Amino acid sequence: MSGSVRYRFPTASYPALRVMILMMLGISCGYLSNLTLFNSGLIFTIILLLWVITEFLLRKVKITLSSRLSTILYLLIIFSASFLWFKVADHNLHKTVDDAEFLKLYAWENVELEGTIKEKGYSASGKRVYVAEVSQSRLEEGLISLRNYRIRLYDDQFETRDLQTGSSFRAIVKLYEFPERRNPHDFDYGGWLHSQKIVAHGELSELIEKSTSQAIFSWINLRGYVQKNIDALFDPQIAPMAKALFLGYKEEISEVTRKNFSRSGLSHIMAVSGLHVGFIVAPIWFIIPFLWTRRWGKWAGLILLTVLLIGYSGLTGFSASVSRASLMAWLITYGKLFNKVRNSINLTAGAAIILLMINPYQLFDVGFQLSFGAVFTILLLMPEAQRIIPARYRYGKIGAFATIVIISVVVQAGLFPILTYYFGEFSIAGPIANAFVIPIMTITVPAGLVMSLLPISLSRVLAYAVMPVEWSLVWIEIVAQKIGGNEWSYFSISNESLLIFLFWILVILFLGSIRIPEVRWKLLIGVLIVFNLFLVEQIVQKSQPNPLRVTFLDVGQGDAIHIQTPSDKHILVDVGRWSPGYDSGSNTITPYLKQIGVEKIDAIILSHPHADHIGGIVSLLNEFDVSGIYQSSYEYESQLYSNYIKTADELGVPVKNIFAGELPEIDDNLRFYILGPMLKEAKPSSANNYSVVVKAVYGDRSVLLTGDAEKGQERELVNIYGDFLKSDLYKMGHHGSRTSSTENFLEKVNPELSVASLAFRNRFRHPNLESVTRLSNYSEKNYYTSLEGAVVIVTDGKNLQKIDWK
């Protein structure tokens with residue numbers, strides 16, 4: 001008898017992996033589906049009943065059919081249960097948010113709150129930040145709410161009234177409006193607060209009374225104790241780094257330092273996850289052979305392991321990353337201690353299942369995706385990757401060093417789609433930086449953590465012992481700064497296609513199964529199919545006629561309009577506002593442009609030289625390659641204007657005064673008509689009435705942008721252009737002021753859509769009721785950035801529509 005035995009994937013060896021995949025599919029579908037909780041429960045119940053019927057009734061009649069149906073229904077049970085479980089979690093989250101809806105009525109008002117401090121840290125602006133559990137709210141005279149909720153408090157007077165974690169307080173708090181995304185690139189701060197079950201935020205105005213926690217033990221107090229010890233032991237310049245690397249407490253780390261760590265590929269060492277847990281578990285692994293030979297050794301090792309992992313998780317605030325890593329470490333070490341089947345892939349999948357059962361929302365957390373993505377990538381690729389190291393070096397010091405570099409390369413490459421999808425940046429310097437840092441961390445982290453746990457009274461004794469740890473921390477920061485501070489260490493890339501994720505997963509599986517011919521060729525075929533689908537997707541996208549996209553960014557009381565032309569040219573009309581310590585260019589426009597992959601600005605049109613229209617110009621000139629600037633010739637004396645002209649001159653960016661009748665050629669598919677200002681010797685008294693007025697025409701549709709043109713310039717435009725002013729999209733003049741959008745002017749423009757750019761609360765009381773009323777008589781739909789956030793309008797030359805980007 002001859003013949004070859006075909007390879008079959010050992011599916012039965014990976015039960016947890018199968019369940020994990022089904023759970024992830026169920027949770028994802030629950031996230032995307034609009035089914036109600038009741039209907040989700042009904043579907044799960046029906047599937048469960050069908051399984052019971054198949055398993056216990058049909059089996060008596062047709063065993064083979066029953067077995068197949070039972071297997072299918074079993075898989076559907078896992079899928080539908082995960083679907084339902086997400087809907088339950090989503091319902092509970094929304095209930096928590098809805099129960100605190102009443103707080104919105106008291107935005108910008110002072111209320112008296114009583115509660116307990118749960119966490120504390122610092123904001124980017126240097127304010128102390130607390131997370132508190134509120135037990136009582138005195139909202140107004142005679143109105144008291146006893147509902148419990150979590151609030152985030154900001155305090156700039158913390159030096160005189162510092163609150164400790166675990167302490168109770170009674171204070172006057174000025175509630176803020178709950179944050180929402182104002183622009184497409186903005187971090188969803190409100191969504192993040194809700195994910196932490198925080199339903200309000202505000203300023204700590206007055207601390208009436210406080211009392212320290214009377215609890216014998218709490219993780220919050222222990223965490224605070226260790227942080228105090230670190231402050232006492234380490235130099236003030238180094239203490240923030242020690243807290244970040246030992247405890248994952250990054251609130252005191254500057255944004256520049258965080259960016260350097262990210263771009264150098266070292267951000268994972270501040271995340272406090274698998275690497276740090278590995279340092280904690282390492283001693284247990286060294287003594288496992290000794291424990292095997294003792295009667296109660298295995299149980300003693302398991303108890304010690306459990307105490308260490310729970311203790312470290314508690315010190316880090318039971319962060320999601322440490323909890324994930326601790327659970328995986330416990331399962332793997334348990335298998336090693338008791339000689340159980342140690343299938344690392346199955347154990348990792350088991351950890352994912354447990355965490356998703358606790359909180360299904362974790363599936364959409366970038367930390368969860370990065371953690372498990374890194375672990376699965378290492379488990380699949382490292383056995384093959386280590387073969388690169390010659391056998392004679394593999395188990396020596398050279399092999400250990402090479403392994404660190406290879407792991408860094410493997411993980412960084414494996415996480416490519418996640419990093420580019422969420423952050424738009426990819427570090428190529430990670431292997432180099434990790435090779436300089438990881439060996440030092442293996443000693444620095446455990447030693448520093450042990451010293452931080454010792455009583456403060458021993459700080460003098462530890463003064464010399466802590467010095468090598470300080471030097472190590474300084475070295476780590478220098479490596480991050482030197483490598484991450486260079487442009488060659490990373491590159492920016494925009495990844496919006498979900499096919500990239502599928503392609504990357506198949507590539508990793510293909511490389512991991514390179515020695516199994518029956519599997520690798522099937523996976524290679526899958527890789528090629530998905531790659532071709534990706535190419536088709538790109539071809540289809542590029543073959544479709546690009547629309548004209550006009551984005552009115554929300555920059556508060558100012559104007560900033562981004563025009564993306566059909567030929568992918570990028571034009572800015574005004575660049576937001578400026579105030580001491582703030583400008584719209586660096587805070588809003590630059591992050592927005594970088595998120596959508598813009599490296600070059602083809603033209604900037606500045607309607608007039610007021611600070612709420614040219615506020616971001618200097619930072620934009622320093623950040624982007626700008627082809628040219630068109631501006632009003634109105635002479636204006638301000639430091640901002642002088643700095644802008646000087647910067648443009650130093651960078652060689654041409655600045656051109658532009659007048660009515662000119663036709664700047666920026667995009668062949670788009671016609672730009674400059675309608676104002678008229679070239680004249682006697683200029684108006686106000687720069688507003690000498691604004692650059694632009695009419696852009698694409699196909700049958702047109703856009704009119706008038707800067708801050710007021711009655712005088714509008715009257716002039718009507719007299720000269722008449723019906724040519726007719727436009728489909730109109731940017732409401734001067735932020736909706738009563739001095740703009742006059743009756744005669746609107747009669748000629750007669751827009752389909754209108755947009756006003758302004759702040760919700762502004763000292764000018766814009767928009768004016770009279771101008772809004774006039775506009776409503778002519779414009780079909782009106783939008784305000786003060787209410788909507790950024791307003792995005794697109795047109796293919798025929799249709800015009802507002803895009804919902806939230």
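Reader: Which does Glu 752 count as: buried, exposed or partly exposed?
Author: This is a predicted model, in which local features need pLDDT of at least 70 and side-chain atom pairs count only at pLDDT 80 or more, while totals for chains, interfaces and linings use all residues. Residues are numbered from 1 along each chain as its sequence is written, and side-chain values use heavy atoms, with hydrogens and water left out. Buried means under 20% relative accessible area and exposed over 50%, with partly exposed in between (1.4 Å probe, protein chains only). Glu 752 has a relative accessibility of 22%, so the class is partly exposed.

Reader: Nice. Which residue forms a salt bridge with Glu 752?
Author: A salt bridge here is a side-chain nitrogen of Lys or Arg within 4 Å of a carboxyl oxygen of Asp or Glu. For Glu 752, the closest N and O atoms are 2.8 Å apart, and the partner is Arg 701.

Reader: How many residues apart in sequence are the parts that this pair ties together?
Author: Helices (H or I, at least four residues) and strands (E, at least two) are DSSP runs, numbered from the N terminus. Glu 752 forms its salt bridge with Arg 701. Glu 752 sits in the loop between α25 (743-749) and β23 (753-756), and Arg 701 in strand β21, so the parts tied together are separated in sequence by 51 residues.

Reader: Which strand forms a hairpin with β21?
Author: Strands pair if DSSP finds at least two bridges between them. Strand β21 (residues 701-705) has five bridges in the antiparallel sense with its partner, β20. Two residues lie between the strands of this hairpin, and Gly 699 in the turn has a positive phi of about 60 degrees. The strand you asked about is β20.

Reader: Which residue in β21 is the bridge partner of Val 694?
Author: Val 694 belongs to β20, and Ile 674 stands opposite it; strand β19 (residues 671-676) also pairs with β20 in the antiparallel sense over five bridges. In β21, the bridge partner of Val 694 is Leu 705.

Reader: Which residues point the other way from Val 693, Lys 695 and Val 697 in β20?
Author: In a regular strand the side chains alternate between the two faces of the sheet. Six of the six residues in β20 (residues 693-698) are buried. Opposite to Val 693, Lys 695 and Val 697 point Val 694, Ala 696 and Tyr 698.
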